[in-house]
Amino acid sequence: MTAVTQPTPGPQPVTALSHDEARRIALRAQGLLGAPDRRAGVRGVLRHLGAVQLDTISVLARSHELVPYARLGAVGRTAVEAAYWTTTPPDAPAPRPHSFEYWSHAACILPIEEWPHFAFRRRARRAKGHRWHVMEDSARSCAAVLDRLKADGPLTTSELGGGRKGGEWWDWSETKIAVEWLLDTGEVVCTRRRAWKRVYDLAERAVPDALLHDDLDDATCIRRLVAQAGAAMGVATRADLADYHRLKAEQVDAVIADSGLVPVEVEGWGKPAWADPAALAAPPRGRHRTTLLSPFDSLIWDRPRTERIFGFTHRLEAYVPRPRRIHGYFAMPLLAGGRLVGRVDPAREGTTLVARQVSMRDTKAVTPMAHALREAAGWVGCDDVRVERCADPKLATALRTELTRTSDG
């Protein structure tokens, strides 16, 4: 990487990065290049990424489990859950929470330390005055929820007496709408789950006193989130920075000069970009992780960025009618050698991991794919791998042979 003077506003020189340098910086920033920090564990992954997206789909595992797995390897799934959420029984003294759920890139798990920095979003929700759901008597419903939580402690929606009025996901009861509105505006918080159900609590009870405030102004909040996104991505365009926590482009523009990020020019990007100074301080070196990635992993959740960095087009097809799917219901990209070289749509049948549909760039991807499938199978308690379909018959044969060889070995 070299620094060259550009006729751009501001006194900072612009560092020129090759496309390959930018790709490696992004991988290291995301914890996928170099030795993983196993001592920091899952909580360390969450703190560095700043947000781990939640999703209801569970095929190989749920997405929030797949994210630390991709970086740390076969960390126990119960350990993942314990690292994210408060798991102490409801009648025990409440420990300090590690995280909370809120709206970032989407519905995400966020480090509890970031609670003050989402004050701008809570204020915006309050100013809007309502969700897209409509309550018949919002004041009464919200007061009833708060009274129950004050009297009975943390509760799920069903324990609050809410849920769905009908069979459709959008047909929420008045109680469910109320508690989600209170979550939006910060009076209620979710710092734990039970059986995949949110457990709601009063923010004043669950959030540590030092963090329980909305004192930071919007600019301070947004500046922090832009800086955090820049550190988590290593190098990013304005659109990348905005997308990470779903900010507006003009919000990024207003704070970028004071964010601590430095301007860079990346070969082939054709757009202004910024980098975390720490990412530029030393060349990114180390061992590349070979792993399957959740479609909701922050390395690839921004599809235009994924195409720009890796030349890899990926779409989630879970909501695409089956006949129109190309790569499968929950196709997981294969990361190997710092590149995206294939994908697999996984499933489980008893103790067999089923690769329902596989595609690979070339023969060099066969061994990494076999390794990734074997490792993933062991992580979820499967002792066999079966390949069902592969677009290239020769690659399919090679993959099955490699799986057999590694099994025998």
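This is a predicted model: local features need pLDDT of at least 70, side-chain atom pairs count only at pLDDT 80 or more; totals for chains, interfaces and linings use all residues.
## Finding F330

Helices (H or I, at least four residues) and strands (E, at least two) are DSSP runs, numbered from the N terminus. Residues are numbered from 1 along each chain as its sequence is written, and side-chain values use heavy atoms, with hydrogens and water left out.

Is F330 buried or exposed? F330 has a relative accessible area of 0%, so it is buried (buried means under 20% relative accessible area, exposed over 50%, and partly exposed in between, with a 1.4 Å probe and protein chains only). Leaving aside residues up to four places away in sequence, F330 touches several residues, among them I57, L66, F296, L316 and V344; here a contact means heavy atoms within 4.5 Å. The C-alpha atoms of F330 and D297 are separated by 13 Å, and these two residues lie 33 apart along the chain.

## How confident is the model?

The predictor's confidence in each residue is called pLDDT and runs from 0 to 100. The protein chain has a mean pLDDT of 90, and 91% of its residues reach 70 or more. Over residues 4-9, pLDDT stays under 50, and the model has 6 contacts beyond four places in sequence for them.

## Helices that meet

Let us look at two helix pairs. Axes are lines fitted to C-alpha atoms, for helices over the stretch in contact, and angles run from 0 to 180 degrees between N-to-C directions. Angles under 35 degrees count as roughly parallel, over 145 as roughly antiparallel, 65 to 115 as roughly perpendicular and the rest as oblique.

Helix α2 (residues 41-49) packs against helix α3 (residues 63-72) at an angle of about 105 degrees, and their axes are 10 Å apart. The two are therefore roughly perpendicular to each other. G41, V42, V45 and L49 of α2 make the contact with V67, P68, R71 and L72 of α3. These residues divide into 6 nonpolar, 1 polar and 1 charged (Ala, Val, Leu, Ile, Met, Phe, Trp, Tyr, Cys and Pro count as nonpolar, Asp, Glu, Lys and Arg as charged, and the others, Gly among them, as polar).

For helix α5 (residues 119-128) and helix α10 (residues 218-233), the axes come within 8 Å and cross at roughly 130 degrees. That makes α5 oblique to α10. A119, F120 and R123 of α5 meet D218, C221, I222 and L225 of α10, a set with 5 nonpolar, no polar and 2 charged residues.

## Salt bridges

A salt bridge is a side-chain nitrogen of Lys or Arg within 4 Å of a carboxyl oxygen of Asp or Glu. How many salt bridges does this rule give? The count comes to 27.

One of them joins D253 and R238, with the closest N and O atoms 2.6 Å apart. This pair links distant parts of the chain, with D253 in helix α12 (residues 249-255) and R238 in helix α11 (residues 238-244), 15 residues apart. D253 is partly exposed at 39% relative accessible area, and R238 is partly exposed at 38%. Another salt bridge pairs E349 with R386, at 3.1 Å between the closest N and O atoms. E349 sits in strand β13 (residues 339-349) and R386 in strand β15 (residues 384-387), 37 residues apart.
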